[in-house]
Structure formats: C-alpha cells, structure tokens
Amino acid sequence: MSTNLCLMGLLTLLSLSGPGYGQAKKPVTNFLGIQPSVIIQKKVYQLAWSAHPDASLYKQEYLTVGDNFPKYKSMVGVDFMVTESGIDQAVDTKLRELDILKRSCPIVNYEVIRNPTTGEKIIDCLIGNQAATERDNLVERNVYRFQSVRAKSGQRGILLFAVSIRKYGSEITPFLTRLKAEKPLLVNEIAKLTLPIVQL
C-alpha cells in the first residue's frame with residue numbers, strides 16, 4: 001500500500017463528505033434551526049462547528065464535551081443539500097468516493113442498507129490510513145443515513161445524518177475485534193432515530 005496515496009485519498013474523502021474540523025475560531029451558527037444537541041448511544045453531542053459554503057449546502061457538526069477537532073473520538077454531522085436529486089444519486093456519489101479511496105487503501109469497505117418502507121438508505125463504512133508509525137494510524141467508522149426531505153420553506157433536498165467514530169494507534173486492533181459484534185447496534189439506533197426537521 002502506498003501510505004502517502006492512502007493518506008491523501010483519506011483527507012480528500014473527509015473534506016468532501018465529513019468533518020470540517022472547526023477550521024475557523026468564530027461563533028457557531030445554527031443554520032438549520034435544529035436542536036443544538038444530539039444524543040447517540042447515551043452520549044450528548046453539542047453543536048461545535050457549522051458552515052454554509054454555498055447557497056445549496058449547510059453543514060453542522062456536534063462533539064461531546066472534552067472532544068476537539070481535528071483529532072476527535074466521535075462526532076455527529078448533519079448536512080442539508082438543497083437539490084431535486086433523490087437519495088439514490090446522493091448514495092451513489094458517496095459510494096464512488098469510497099471506491100476511489102479503496103484503490104489505495106485496502107481497509108476501506110462498506111455496506112449499504114435500504115429501508116424498503118421509506119426508501120431511505122444507510123451506508124456503514126470503514127476507512128483509515130496506515131502510517132509509518134503505529135501511533136499515527138487511524139481507523140474511522142462512519143454511518144451515514146440519507147433522507148429525502150422538504151425544509152420548512154418548501155425547499156427540497158437531502159438530509160445526511162452521520163456518526164463518525166475514530167480510533168488511533170493502539171486503540172485500533174481492540175476496536176476492530178469488537179466491531180463485528182457491536183456493528184448492528186449503532187446502525188439500528190441511527191435507523192430508528194427521528195431526524196431533525198430543517199427550519200430553513
């Protein structure tokens with residue numbers, strides 16, 4: 001594996017679809033008008049970063065108390081994209097990103113789960129990098145839930161609700177060992193969660 005290529009691909013994927021890493025030290029704006037905290041697996045996540053990079057995209061990220069960007073342990077993300085495209089197109093875009101990354105990072109794998117009743121889809125994926133030293137290794141599990149929604153204003157779009165869990169260095173092997181048994185727990189919780197209503 002080319003470590004540099006893998007790391008570059010990982011950073012590209014994260015910048016396209018994941019955390020913004022709280023790049024600017026400025027007040028956080030609740031662009032979506034949704035709740036300022038989210039509870040996942042009995043952890044309380046507070047709104048920590050937000051962005052409205054263009055007219056069609058809104059991003060909000062939530063961390064637990066004591067966690068920080070960029071080396072967080074877990075994060076919740078809520079994205080809203082104004083679009084007439086459907087869930088299938090959004091999911092296909094994410095899968096293409098993962099397939100490109102997999103060419104240089106064999107650890108990358110994913111599963112797509114579809115709710116036949118609602119048409120919603122969840123991607124459960126694992127990404128990571130192998131660095132020169134163990135302490136710099138990173139594994140990240142992301143669970144993405146895609147929902148077609150209409151904002152309060154009537155705008156149609158895709159709501160992406162994501163949970164990201166990271167492990168570093170010596171934490172990785174125990175995490176991967178437990179993952180097989182624990183894998184369905186997070187997916188089931190996210191699948192049953194009542195997602196926020198966008199107040200745009």
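Analyst: Let's start at D124, which is in strand β6 (residues 121-129); strands here are DSSP E runs of at least two residues and helices are H or I runs of at least four, numbered from the N terminus. Bear in mind that this is a predicted model, where local features need pLDDT of at least 70, side-chain atom pairs count only at pLDDT 80 or more, and totals for chains, interfaces and linings use all residues. Numbering runs from 1 along each chain as its sequence is written, and side-chain values use heavy atoms, with hydrogens and water left out.

D124 is buried, at 3% relative accessible area (buried is under 20%, exposed over 50%, partly exposed in between, with a 1.4 Å probe and protein chains only). Its side chain has a polar partner in there: the side chain of R141, at 2.8 Å. A polar contact is an N or O pair within 3.5 Å; within protein, one atom must be able to donate a hydrogen and the other to accept it, and sequence-adjacent residues count only if both atoms are side-chain atoms. Leaving out residues up to four places away in sequence, D124 touches N109, Y110, E111, I113, R141, N142, V143, K183 and V187 (heavy atoms within 4.5 Å).

Moving on to the rings, Y144 forms a tilted aromatic pair with F146, 6.5 Å centre to centre and 45° between the planes. For pairing, ring centres of Phe, Tyr or Trp (its six-membered ring) lie within 6.5 Å; planes under 30 degrees apart are stacked, over 60 edge-to-face, the rest tilted.

K94 is buried, as are I87, V91, L95, E97, L98 and L101 of α2. They lie on the same side of α2 because they cover an arc of only 155° around the axis, taken from the axis-to-C-beta directions.
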